[in-house]
Amino acid sequence: MTIIRSHLIGTGYKLPAKILTNDDLSQMVDTNDEWISTRTGIKSRHIAAEGELTSDLSYEAALMAIQNAQIKNQEIDFIIVATVTGDHTFPATAAKLAKKLGLKPGTPAMDVNAACSGFVYASQIADNMIRLGQIKTALVIGAETLSRITDWTDRNTCVLFGDGAGAAIFQAVEGLGTKDDTGLLATKIYADGEQFDRLYSASGVSIDQKAGYIHMDGKEVFKVAVPSLVQGVEESLKIAGLSIEDVNWYVPHQANLRIIDSVAKKLNIDMEKVIVTVDHHGNTSAASIPLALAESFAAGKFKKGDVIAISAMGAGFTWGGMILRL
Ligand code: UT7
C-alpha cells in the first residue's frame with residue numbers, strides 16, 4: 001500500500017553578520033572565555049544588527065532553501081515559522097514572510113511558539129498536513145532574534161544565546177509505508193506546563209505589554225534537558241521502527257555541549273555522528289535545529305539514504321523528536 005511521506009527537499013540558513021565572542025562578552029559582564037567554554041562549549045554567537053528582524057533572517061533562509069529545493073515560491077502551500085521573537089505581537093511573522101516571498105494568494109501562514117522545540121513542533125504540523133493530502137509543499141522555518149530579549153547585564157543568561165534562522169522545505173512523495181521509506185518517518189512532541197517557570201519571560205502582552213527578558217533556572221533545565229532529548233530520539237525511533245544503530249546523524253537542540261555529550265552517551269551514539277554548532281551559534285532556540293541541518297547540508301555532510309535523528313527541548317517545558325531518511 002502506498003502512503004504519502006514528507007521529503008526534505010531543501011534547506012537554507014541565515015546568520016547575522018555580527019559575531020560576538022566570549023572575549024567581547026568579558027568586556028560587558030563579569031565572565032571569561034574559560035568559564036563559558038568549559039560550562040557550555042560556546043565560543044561565539046551571531047547578533048542581529050539594529051533593524052535586522054526575525055522576518056529578515058527568515059526571508060534569507062527561506063530563499064536559500066527554495067533555491068536548494070529547486071522549486072518556485074508559488075509551489076509552497078503552507079508556511080509556518082517557529083519563533084518566540086516574532087516581529088510583531090500580531091499578525092504572524094509567517095504572514096509577513098508570505099507577502100515578502102510572494103507566495104500564492106490564500107497560502108496558510110502561521111507562527112508556533114514552542115520555544116526551543118519549535119522546529120520539531122512546526123515540522124510535525126507540516127508533516128501531518130502533507131500526509132493528510134491537505135498540502136503538497138511546506139516551508140518550515142525556525143528563526144530567532146533572542147538578543148532582543150536578552151538581559152545584557154545578566155551573566156547567567158547573556159553568554160548563552162544567539163540569533164539566526166534556518167529553513168526547511170518538505171514535499172509530498174509517495175512511499176510504501178515501511179521503515180525503509182525515505183522522508184519523515186516519525187515525529188513526536190510533548191509538553192509539561194508544570195515546569196513553566198523554569199525558563200520564561202516574566203513579561204508579555206497581557207501582563208505588562210512588554211516582551212521581557214529570558215529567565216532560566218539553568219541547573220534544573222539542564223537536569224530535565226538530558227532525559228527529554230533522549231526520550232525525543234528513543235520514542236521517535238520506536239514509531240519509525242528503527243534503532244539507534246540505524247542512525248547516521250544525530251542533530252540535537254544546541255544549548256550546551258555538556259548536555260549534547262551526555263545525551264549522546266545515554267543514546268549510545270558516537271560523537272562523530274552528532275552535529276554540533278553550539279560552539280559558533282550559541283543557543284538560537286527554534287532556529288538551532290534547522291540552522292544545524294542547513295549548515296551541515298551546505299558543508300556536504302549528509303548523503304542520500306542517511307537516517308537523521310533530531311530532538312529538542314525548551315521552555316514550557318516542551319520537547320520532542322523526529323526521524324528523517326534522506
Ligand atoms: O534551550 C533550552 C534549554 N536550555 C538549556 O538546556 C540550558 C541548561 N543549562 C545550562 O546549560 C547550564 O546550567 C548553564 C550553562 C546555564 C550554567 O551552568 P552550570 O554549570 O549549571 O552553572 P551554575 O548556574 O551552577 O553556576 C555556577 C557558578 C555560579 O557561581 P557560584 O554561585 O557557584 O559562586 C555562577 O554565579 O558560575 C557562576 N556563573 C558564571 N561565572 C562566569 C554563572 N554564569 C557565569 C558566567 N561567567 N557567564
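## Salt bridges and sheet architecture

A search of the whole structure finds 12 salt bridges, a salt bridge being a side-chain nitrogen of Lys or Arg within 4 Å of a carboxyl oxygen of Asp or Glu. The model is predicted, so local features need pLDDT of at least 70 and side-chain atom pairs count only at pLDDT 80 or more, while totals for chains, interfaces and linings use all residues. Residues are numbered from 1 along each chain as its sequence is written, and side-chain values use heavy atoms, with hydrogens and water left out.

D181 lies in the loop between β7 (163-175) and β8 (183-191), and R5 lies in strand β1 (residues 3-14), so the pair ties together parts that are 176 residues apart in sequence. Helices (H or I, at least four residues) and strands (E, at least two) are DSSP runs, numbered from the N terminus. Both D181 and R5 are buried, where buried means under 20% relative accessible area, exposed over 50%, and partly exposed in between (1.4 Å probe, protein chains only).

A network of salt bridges links R198, D217, E220 and K223.

Five strands form an open sheet of mixed pairing in the order β1-β7-β6-β4-β5; two strands pair if DSSP finds at least two bridges between them. At the edges stand β1 and β5 (109-112), each with a single partner strand, so one side of each is left without a neighbour in the sheet. The twist averages 20° from one strand to the next. Strands β4 (residues 78-82) and β6 (residues 137-145) run parallel and are joined by five bridges; the partner of I80 in β6 is V140.

Two helices lie across this sheet's strands. Helix α4 (residues 93-101) lies across β4, β5 and β6, at about 130° to β4. Helix α10 (residues 288-298) lies across β1, β6 and β7, at about 80° to β1. Contact means heavy atoms within 4.5 Å; axes are lines fitted to C-alpha atoms, for helices over the stretch in contact, and angles run from 0 to 180 degrees between N-to-C directions.
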